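Please look at the aromatic side chains with the notes below in hand.

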Amino acid sequence: MMNSIPSDPFMSEALTLARQAWGRTSPNPMVGAVVVRDGRIVGRGFHPRAGEPHAEVYALRDAGERARGATLYVTLEPCSTFGRTPPCTEAVIAAGIARVVVGALDPNPKHAGKGIEILRRAGIEVLTGVEELACCTLNEAFFKWIVTGRPFVLLKMAMTLDGRIATASGDSQWITGPAARERVQSWRQWADAVMVGGGTVRRDHPGLTVRNVPDWPRQPRRLVVSRTLTPAAATAAMGPGPAPEILAPDSPAAWNDELLRLGREQVTAILVEGGGELAGTLLQAGVVDKLEFHVAPKILGGTHSRPVVGGGDPVKLAEALAVKRLTVEPLGEDFIFSGYLH
């Protein structure tokens, strides 16, 4: 259960800093930190990418001697073990920090709480759970991957108000407006891989690459779910970018195995962009963690227009999937419905 400690302006600033590394830190989490002395921020830092120093180190360097006796706010529990960089707990203790405020604990069962324990043994006061939900949500893909070994799966679909994603002939561009398409670009930055069905590749020729940031350093892997499409045909249809990978899991167990394989290859987050049959397959296999439906204020109609979710026909209404923590927000001329299945 998440703690209910009210929002804090210093933790909010640390979260803002963490988001500056959006899409650049995988397989590490995004983390931000600020050093506060006498009620004002004297040091700021965030983790820019895997292999580089963590947020706490940058914030302490920025603060210098002003860190001694100060408070450190950090969105994620400081690491306590050696990896590609030394443990942050050592840096915090050496800097003379008197108090540490933590947003979320390390989700890794091997490490959770150990950093807090080390700091407290060193005589440092520690407060946890400040803006915990926001800190966890920022890194929900990392949390899922580090605990289960499987990537976090986000299903994004663009649809009309009557639940259609294309005409009967397959025409689908563009259902939603420019703001929604820009949001998709942001999700592609976040994702380690983008997934579509073979029908979408044949019909729409999607590139699935990040195009809104020049020289983006880490294009997502391109996953195509199909039993008939060849890698050569997919490459010809999709154009420049990472070589398309063809997947063909045929059962929930096979999907689980496929996701575990991708997780071992450090794929922490997958963005699924359609089409409707793939959406239905993934939902029925139980592998979707989060939904984001972009809904345009349009009615397409038509018996044979393509539905947002395909797959087998349910027999009873009780088979409907319940969406948790549903939120609705406007985005340009469209609306975003977002929620969780797990």
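1. A residue is called buried when its relative accessible area is under 20%, exposed when over 50%, and partly exposed in between (1.4 Å probe, protein chains only). Since the model is predicted, local features need pLDDT of at least 70 and side-chain atom pairs count only at pLDDT 80 or more, while totals for chains, interfaces and linings use all residues. Residues are numbered from 1 along each chain as its sequence is written, and side-chain values use heavy atoms, with hydrogens and water left out.

2. Rings of Phe, Tyr and Trp (its six-membered ring) are paired if their centres lie within 6.5 Å, and are stacked with planes under 30 degrees apart, edge-to-face over 60 and tilted for the rest; this rule gives six aromatic pairs. One of them joins Trp 22 and Trp 187, and it is tilted because the planes stand at 55°, with the centres 5.8 Å apart.

3. That pair links distant parts of the chain, 165 residues apart: Trp 22 belongs to the loop between helix 1 (9–19) and strand 1 (32–37), and Trp 187 to helix 7 (residues 178–190), where helices (H or I, at least four residues) and strands (E, at least two) are DSSP runs numbered from the N terminus. Trp 187 is buried, at 10% relative accessibility.

4. Phe 142 and Phe 143 pair edge-to-face, with 6.2 Å between centres and 70° between planes. Phe 142 is buried at 12% relative accessibility, and Phe 143 is buried with a relative accessible area of 15%.

5. Ring pairs also link Trp 22, Phe 152, Trp 187 and Trp 190 into a cluster.
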